[in-house]
Amino acid sequence: MTTSTQAYGEPWYWDNRYSNEPGPFDWYQKYLTLAPITNLYVPPAQPVLVVGCGNSAFSEGMVVDGGYTDVVNIDISSVVIKAMKTKHQDCPKLKFMKMDARDMSDFESGSFGAVIDKGTLDSILCGNNSRQNATKMLEEIWRVLKDKGVYVLVTYGAPLYRLRLLRESCSWTIKLHVIEKLASEEKSDNPVWELTKPVPLNDDGSSVEEALGQNPDVHYIYICTKINA
């Protein structure tokens, strides 16, 4: 039997889920809580790619509240892409395509100024051949980014579990931000760390624990800037 988390890398799991749960759902964080990060790193004038978009309202927030003009959304589930195309048919700034993030050959190299990933890498890492599939996806993301384009990865994976994977897959410069898991649009009086201030990041990521303490209740936001090798 395949447990549900192991099935996160499988199209049938998501088709099933979106058929049974059609309402909008945002993994990890909503647009307004992450807007300070997108404002900092994602240029509104350049095309943006959202991988594993699901039925999240994040991309709609980017267009309506953030002023982004060209947001392309891909997902492995044909069910959710059909639903999102219908929902946003009157918004030409939002595009939806069924596509596997491990093979984005429909896109030319250097097509996007930024790629946003909220939980898609995490889903792939739950599945079979996780390391191989994650590397394929990261290589494809690197390829479709423009030079100095930015991959914004929102994940529950601490640097101990993510830094090596990111560094071994492609040439990036990496900054790290964190956001509390239960962040809301209201500013917290005592945030674990200021959202727009990068967390000190050394080679093995141990500096993060020194700054934040052990097991902080946060999502990690890796800002990976493409360097042409």
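In which strand is lysine 148 found? Select lysine 148 and you are in strand E5, residues 145-155, where strands (E, at least two residues) and helices (H or I, at least four) are DSSP runs numbered from the N terminus. This is a predicted model, in which local features need pLDDT of at least 70 and side-chain atom pairs count only at pLDDT 80 or more, while totals for chains, interfaces and linings use all residues. Residues are numbered from 1 along each chain as its sequence is written, and side-chain values use heavy atoms, with hydrogens and water left out.

Most residues other than glycine have a negative phi. Lysine 148, although not a glycine, has a positive phi of about 65°, and at 61% relative accessibility it counts as exposed (exposed is over 50% relative accessible area, buried under 20%, partly exposed in between, with a 1.4 Å probe and protein chains only).

Now select tyrosine 31 and phenylalanine 58, an edge-to-face aromatic pair with 5.5 Å centre to centre and 80° between the planes (rings of Phe, Tyr and Trp, the last by its six-membered ring, pair if their centres lie within 6.5 Å; planes under 30 degrees apart are stacked, over 60 edge-to-face, the rest tilted). Tyrosine 31 belongs to helix H2 (residues 31-41) and phenylalanine 58 to helix H3 (residues 58-64), 27 residues apart, and both residues are buried.
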